[in-house]
Amino acid sequence: MSSATIPCLIVEDEPLAQARLARYVERHSLLELRGTVASAHEALDFVRAEQVGLVFLDIGLGGMSGIELLETARLDAAVVLTTAHHEFALRAFDLQVADYLVKPFTFDRFAQAVDRARSLLPERGSASDRRLFFVKSGTRLERVMLRDLLYISGEDDYRCLHTTRKRLLTLETFGELEQRLPPELFCRVHKSYMVAIDRIESVERDRVVIGPAVIPVSETYRARFLSLIDRRRR
């Protein structure tokens, strides 16, 4: 596979719509079709086993719908929803999909959706393309998706990883975690805190806000932190 192609999955239970989408994918020079499945459960199994960058997801699937799938599980890929109906568009964009294609759609409209999805994907070969890492928590190795990680706090002898799904305690030090996380995405802001830059909602001189958490920024780490923030403003 060329490093410029995007591996994709089609989730569609109508044979004609499935075949049309497959032709569009094969026609697009930046896409590589990795698989085609007909249900939400098959889609979940597929993305857990294979690396997929883009999912074309039908809403009207038998059993669990495409909307229900996005409401109950996180697909570690950009998602373009496909449907014969307009009424789900508002809910779809609440779920942060890349685009919403109403059937029947043309190849030009399909290509436009691919362009929008590409803008959400990390640059190939960059540190941000690392999607997950494993952290030792007790006797287990726990998988952490980078885009789920909000911040890390120090709690006595432990570091607590606060994610969108759960909290994990580990004996790994901040220094060890800093070496394993992409430095352009995660930054130490205090002796007891490390934050995900993309998850910050607001910044003041001596604190940042991530969801309900108000996290202090100490003088020791302020210069590098503000430098990272400044780069994002340019």
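Arginine 222 sits in helix H7, residues 219–233. Helices here are DSSP runs of H or I with at least four residues, strands are runs of E with at least two, and both are numbered from the N terminus.

This model is predicted: local features need pLDDT of at least 70, side-chain atom pairs need pLDDT 80 or more, and totals for chains, interfaces and linings use all residues. Residues are numbered from 1 along each chain as its sequence is written, and side-chain values use heavy atoms, without hydrogens and water.

**Arginine 222.** Is arginine 222 buried or exposed? Arginine 222 is buried, with a relative accessible area of 9%. Buried means under 20%, exposed over 50%, and partly exposed in between, with a 1.4 Å probe and protein chains only. Arginine 222 also touches Arg205, Asp206 and Val217, leaving aside residues up to four places away in sequence. Contact means heavy atoms within 4.5 Å.

| Strand | Residues |
|---|---|
| E11 | residues 186–190 |
| E12 | residues 193–196 |

Five of the five residues of E11 are buried, so the strand is largely enclosed by the rest of the structure. E11 and E12 run antiparallel, joined by four bridges. Two strands pair if DSSP finds at least two bridges between them. A hairpin links E11 to E12 through two residues. Histidine 190 faces tyrosine 193 of E12.
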